[in-house]
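Look at the sequence and the model below, and then follow the chain through its elements.

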Amino acid sequence: MTHISMEDIGRRVRKIRKSRGMTQHALSLLAEVDRKQISRMENGLSLLQADGLKRIADSLDVTVDYLLTGQRGDDRMDKLLQPFPEDAKRQIVEGLAMIL
């Protein structure tokens, strides 16, 4: 199970925000979250409620799961598919694509 810490979430938010050339103020306007809350989150001092975290994730164009764990969805899929031979992996992925 992945350990989730406020400090890690804050570091991820800061890193993504800065990589997008965004200030805390710009993110606060886009996500409709108080700038001070973003600052406190980035410094690992507090965590937003689920709806605020979702708005920040959407504003940064990432998933909430990524903010919480640092893993993209395809990272977990790769890990799940690792024990299967290549042809089975392909069939599983194609089957999932047809369902979704």
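**A walk through the helices**

Helix α1 (residues 6-19) has 14 residues, and from its first C-alpha to its last it reaches 20 Å, close to the 20 Å expected at 1.5 Å a residue. Helices (H or I, at least four residues) and strands (E, at least two) are DSSP runs, numbered from the N terminus. The expected span of a helix is 1.5 Å times one less than its number of residues. This is a predicted model, in which local features need pLDDT of at least 70 and side-chain atom pairs count only at pLDDT 80 or more, while totals for chains, interfaces and linings use all residues. Residues are numbered from 1 along each chain as its sequence is written, and side-chain values use heavy atoms, with hydrogens and water left out.

Which residues of α1 are buried? They are Ile9, Gly10, Arg12, Val13, Ile16 and Arg17. Buried means under 20% relative accessible area, exposed means over 50%, and partly exposed lies in between (1.4 Å probe, protein chains only). An α-helix has 3.6 residues a turn, so residues three or four places apart point the same way. On the face of α1 turned away from its buried side are the exposed residues Lys15, Lys18 and Ser19. The cover over the buried residues of α1 includes α2 (24-31), α3 (35-42), α4 (50-60) and α5. Just after α1 comes Gly21, with a positive phi of about 70 degrees.

After α2 comes Glu32, whose phi is positive, near 55 degrees.

Next comes the core. A nonpolar core is a set of buried Ala, Val, Leu, Ile, Met, Phe, Trp, Tyr and Cys residues joined through side-chain atoms within 4.5 Å. The largest one has 16 residues, of which Val13, Leu27, Ile56, Leu60 and Leu67 touch the most other members. Two or more residues of this core come from each of α1, α2, α3 and α4, and the largest share, four residues, comes from α4. Leaving out residues up to four places away in sequence, Val13 touches Leu27, Met41, Glu42, Ile56, Leu60 and Leu67; contact means heavy atoms within 4.5 Å.

Further along, Thr69 is in helix α5 (residues 64-69). Thr69 is buried, with a relative accessible area of 19%, and its side chain reaches the backbone oxygen of Asp65 at 2.8 Å. Ala97, in helix α7 (residues 86-99), is exposed, with a relative accessible area of 56%.

Now take the whole protein. It has seven helices and zero strands. The radius of gyration is 17 Å, well over the 13 Å that the globule rule gives for 100 residues, so the protein is more spread out than a compact globule. This radius is taken over C-alpha atoms, and the globule rule is 2.2 Å times the number of residues to the power 0.38. Buried residues make up 32% of the 100 residues.

How values were computed:
Polar contact = N/O pair within 3.5 Å; in protein donor to acceptor, adjacent residues only side chain to side chain.
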